[in-house]
Amino acid sequence: MKVLVTGAAGFIGMHIAQILLKRGEKVVGIDNLNDYYDPCLKHARLAQLTPYPNFKFIQGDIADRQTIEDLFAKEKPSRVINLAAQAGVRYSLKNPHAYIQTNLVGFGNLLEGCRHNDVEHLVYASSSSVYGANTHRPFSVHDNVDHPVSLYAASKKANELMAHTYSHLYGLPTTGLRYFTVYGPWGRPDMSPWLFTSAILEGRSIDVFNHGRMQRDFTYIDDIAQGTVRVLDRTATSNPDFFTGAPDPGTSYAPYRIYNIGNHQPVELMTFIQTIEKALGQEARKNYLPMQKGDVVATCADVEDLKRDVGYEPKTSLEYGIERWIEWYKKYMS
Ligand SMILES: NC(=O)c1ccc[n+]([C@@H]2O[C@H](COP(=O)([O-])OP(=O)(O)OC[C@H]3O[C@@H](n4cnc5c(N)ncnc54)[C@H](O)[C@@H]3O)[C@@H](O)[C@H]2O)c1
């Protein structure tokens, strides 16, 4: 198998590429190494991948049509995992154009690349953010998600719609994975585990939104990466029971699937903070703030479909995951 992993220098991309490389697959990684957060971290992640002889890295932008056309023509990947995106809900209020460029234009280029090069399976990152104003929990892929509350969420929902079109028109098997708040070693500096850990260690106060009354389905990176590879191995197929008179949003008559990939164990924000405090042996100074625009109060993944179809079973407890995270953070920062 030759797998194109976009966003290979990113948090999730690096872990997935590593699993594939260890398994002996050929991996071509592309990343533009942009400075949304410190590119040094992206280079350090890449340094974990470059020792594998079956890894090839291309620095490039998925929103650049020629780059992607040339990449597909030259490398002819059999499968594609798209993790390159402008991530982050809050930043989408500040810089919406970054989301339009990468998440829409870039995703369109990848779909075209898959279509013209007989790609067997496209797996792409969607997000729990697509649930938006839908508060019916646990979040199910069979529920309606037509009310996004940020442009980030809208761009991810748009990816699902664009993918369906290609599955329908060209028979391209596509699977969208709605990731739920991923944490662990090599994590992102703009996300809460990093923001909280760095602030506590440096004696700064932490921002606690909605006065702490939030819940997140925190999911450990190893569970996410292994689940994604399981999905990659199982090409999306059509649902023979799909009924166009009452369409199920998570499946289709076309080779198109959507799954949640989360822990199915939502954690109170204050419990999350206490777990970090305990692991660090230091208490956080807290700056309680109202809810931020674009955010949702709680997330919880219904992962029954993923369990049934690929045997997905998240194993990592929050306590264990946070310990691994802090162990990595201290080593990396030193
Ligand atoms: N981490 C989470 O909790 C989470 C939750 C839901 C969804 N997701 C999605 O999962 C995917 C991976 O997220 P992550 O946490 O690893 O983020 P990340 O920012 O660490 O990784 C994304 C990578 O894509 C690269 N990139 C961005 N724009 C690009 C472009 N135009 N061309 C080429 N490369 C580009 C970045 O440089 C980065 O290395 C994203 O699609 C994200 O939206 C992540």
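**View A. The loop holding Lys-76, between helix 3 and strand 4.** Lys-76 sits in the loop that joins helix 3 (65-75) to strand 4 (79-82). Helices (H or I, at least four residues) and strands (E, at least two) are DSSP runs, numbered from the N terminus. Lys-76 is not a glycine, yet its phi is positive, near 45°. The model is predicted: local features need pLDDT of at least 70, side-chain atom pairs count only at pLDDT 80 or more, and totals for chains, interfaces and linings use all residues. Residues are numbered from 1 along each chain as its sequence is written, and side-chain values use heavy atoms, with hydrogens and water left out.

View B. The bond from Arg-137 to Pro-138 is cis, with omega near 0°. Pro-138 belongs to the loop between strand 5 and helix 6.

**View C. The residue shell around the ligand.** The ligand is surrounded by 29 residues, a residue being near if one of its heavy atoms lies within 4 Å of the molecule. The closest are Asp-31, Tyr-37, Asp-61, Tyr-152 and Lys-156. By class the shell has 15 nonpolar, nine polar and five charged residues; Ala, Val, Leu, Ile, Met, Phe, Trp, Tyr, Cys and Pro count as nonpolar, Asp, Glu, Lys and Arg as charged, and the others, Gly among them, as polar. Helix 1 (11-22), strand 5 (121-127) and helix 6 (151-170) each supply at least two shell residues. Strand 5 gives the largest share, three residues.

View D. A polar contact here is a pair of N or O atoms within 3.5 Å. A polar side-chain atom of Asp-61 is 2.7 Å from a ligand nitrogen. A backbone N or O atom of Ile-62 lies 3.0 Å from a nitrogen atom of the ligand, and a polar backbone atom of Phe-11 is 3.0 Å from a ligand oxygen. Taken alone the ligand exposes 810 Å², of which the protein buries 97%; accessible areas come from the Shrake-Rupley method with a 1.4 Å probe.

**View E. Packing of helix 7 against helix 11.** Helix 7 (residues 192-202) and helix 11 (residues 318-333) pack at about 60°, with axes 11 Å apart. Axes are lines fitted to C-alpha atoms over the stretch in contact, and angles run from 0 to 180 degrees between N-to-C directions. The crossing is right-handed, meaning that the near helix is turned clockwise from the far one by less than a right angle. Contact (heavy atoms within 4.5 Å) involves residues including Trp-194 and Leu-201 of helix 7 and Trp-325 and Tyr-329 of helix 11. By class, this contact has nine nonpolar, two polar and one charged residues.

Definitions and conventions
A polar contact is a pair of N or O atoms within 3.5 Å; within protein, one must be able to donate a hydrogen and the other to accept it, and residues adjacent in sequence count only if both atoms are side-chain atoms.
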